[in-house]
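User: I'd like to go through this structure with you. Please keep it simple.

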Amino acid sequence: MKSIIVNNLTKTYGKGKEKVLAVDDVSFDVGTGEIFGLIGPDGAGKTSIFRMLTTVLLPDFGSASIENLDMVKDYKEIRKILGYMPGRFSLYQDLTIEENLEFFASVFNTTIEENYDLIKDIYIQIEPFKNRRAGKLSGGMKQKLALCCALIHKPKVLFLDEPTTGVDPVSRKEFWEMLQRLKLQGITMIVATPYMDEAALCDRIALIQNGKILSIDTPENISNSYPDYIFEVKAGKNSKVLKALEQFDQKKNVYAYGEFVHLTIDKNESFSEQKVVEYLKKEGFKNIEINIVKASIEDSFIRLLSHNSNHKPKYLNTSITLV
Ligand SMILES: Nc1ncnc2c1ncn2[C@@H]1O[C@H](COP(=O)(O)OP(=O)(O)OP(=O)(O)O)[C@@H](O)[C@H]1O
């Protein structure tokens, strides 16, 4: 069963020279109970897609349905079955945890008690602080409260826009465990994130850049379909290794990757790791470490980005940064 169907969605902002094509002919679908990730750097178009699907922005072109309801014609019905956790903290800072939750429940004509079962797991973690104002909560607690508020009317589909930005690693992990539990209740989730490690936790992902989808598949299939060899190389300062490998005649691509430099080589080339070691030794490097590695989502994204734009990845670790 498909919960979300998106066809040729297109959105531009501004006019003339100021015109920005934010969403460019985007199509995808999301199955009931699936966690679907929209993965892309800042400005890729994720929020614009979310705003159209949550019926707060009209598309220039294209259509979408959510639970068989048309995004434009049936927007009032859609709003009743959607939960939306926006990227920036959206709660009332001067209201307490409990007051925020009561407020969101009342907007949907419901009560905390009525839907307590759905939020119980998450709410019990912040309930001891229910009289604390939202503005005084830690990042992780704010995020749990925002998720409770997005769930308080028992939505069928949950939109999460960069839900873990600015949250510590432990809270990020806990948050994803909460999403996995919600999935068991049959809630469809669509998550926008710039974090590559979170991409791997989704059932399927769409890699998006400049408003265009570059690839849609399971994280596993995206990694497995990487066409080249990837070697991780360490030999002292990454900036120096990068500079040297840029001149290596068999390199296809080279970029910093956490504490390593990744070197990609066409699978059709006759190649041995020893060639790189010898080359680096000749360039004056010592203590050279080189291993062949399986492509990560990040590697796949870098390859797609370098094929599709003039943007070059500058620094990569767990989130995408482009220059
Ligand atoms: N109201 C607006 N007016 C003009 N341009 C806009 C507007 N909203 C977004 N844009 C532009 O549209 C493009 C897509 O932005 P969007 O916010 O959808 O991307 P995003 O992937 O969610 O990135 P971010 O995380 O930075 O919000 C960007 O180039 C952005 O500058």
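Analyst: A definition to begin with: two strands count as paired if DSSP finds at least two bridges between them. Also, this is a predicted model.

User: OK. Which residue in β2 stands opposite T12?

Analyst: L21 of β2 stands opposite T12. Another such pair is K2 with G31 of β2. Strand β1 covers residues 2-13, and its antiparallel pairing with β2 has eight bridges.

User: How many residues lie between β1 and β2?

Analyst: Six residues separate the two strands, which form a hairpin. G14 is in the turn and has a positive phi of about 75°.

User: What order do the strands of that sheet have?

Analyst: The order is β2-β1-β4-β5, in an open sheet of four strands with antiparallel pairing. β2 and β5 (69-70) are at the edges with a single partner strand each, so one side of each has no neighbour in the sheet.

User: And how many bridges join β1 to β4?

Analyst: Five, and the two strands run antiparallel. I4 has I66 as its bridge partner in β4.

User: Remind me how strands pair in general.

Analyst: Strands of a sheet pair through backbone hydrogen bonds, and the pairing is either parallel or antiparallel.

User: Which strands of this sheet does α1 lie across?

Analyst: α1 lies across β1, β2 and β4 (61-66), and runs at about 120° to β1.

User: Parallel or antiparallel for β3 and β9?

Analyst: Parallel: β3 (residues 35-39) and β9 (residues 204-209) pair over four bridges. The bridge partner of G37 in β9 is I205.

User: Change of topic. Which residues surround the ligand?

Analyst: The residues around the ligand are Y13, G14, V20, A22, G40, D42, G43, A44, G45, K46, T47 and S48. G14 is the residue in the β1-β2 turn with the positive phi.

User: Which elements supply at least two residues each?

Analyst: β2 (20-31) and α1 (46-53) do. The largest share comes from α1, with three residues.

User: What does the shell look like by class?

Analyst: It has four nonpolar, six polar and two charged residues.

User: Now helices. How are two packed helices described?

Analyst: By the angle between their axes and the distance between the axes.

User: Then at what angle do α4 and α5 cross?

Analyst: Helix α4 (residues 116-126) and helix α5 (residues 139-151) cross at roughly 150°, and their axes come within 9 Å. An angle over 145 degrees counts as roughly antiparallel, so α4 is roughly antiparallel to α5. The crossing is left-handed.

User: Which residues make that contact?

Analyst: From α4 they are L118, I119, I122, Y123, Q125 and I126, and from α5 they are M141, K144, L145, L147, C148 and L151. By class, 10 of them are nonpolar, one is polar and one is charged.

User: And α5 with α6: what angle do they pack at?

Analyst: α5 and α6 (residues 169-184) pack at an angle of about 20°, with their axes 10 Å apart. The two helices are therefore roughly parallel to each other. α5 passes α6 in a right-handed crossing.

User: Which residues are in contact there?

Analyst: G139, G140, Q143 and L147 of α5 meet S171, F175 and M178 of α6. Three of these residues are nonpolar, four are polar and none is charged. L147 also takes part in the contact with α4.

User: Last one. How many bridges join β12 and β13?

Analyst: Five: β12 (residues 253-257) and β13 (residues 260-265) pair in the antiparallel sense. A256 has V261 as its bridge partner in β13. The hairpin of these strands has two residues between them, and G258 takes a positive phi near 55°.

Key. Residues are numbered from 1 along each chain as its sequence is written. This is a predicted model: local features need pLDDT of at least 70, side-chain atom pairs count only at pLDDT 80 or more; totals for chains, interfaces and linings use all residues. A residue is near a molecule or strand if its C-beta atom, placed from the backbone, lies within 6 Å of it. Ala, Val, Leu, Ile, Met, Phe, Trp, Tyr, Cys and Pro count as nonpolar, Asp, Glu, Lys and Arg as charged, and the others, Gly among them, as polar. Axes are lines fitted to C-alpha atoms, for helices over the stretch in contact, and angles run from 0 to 180 degrees between N-to-C directions. Angles under 35 degrees count as roughly parallel, over 145 as roughly antiparallel, 65 to 115 as roughly perpendicular and the rest as oblique. A crossing is left-handed if the near helix is turned anticlockwise from the far one by less than a right angle, and right-handed if clockwise. Two residues are in contact if their C-beta atoms, placed from the backbone, lie within 7 Å.
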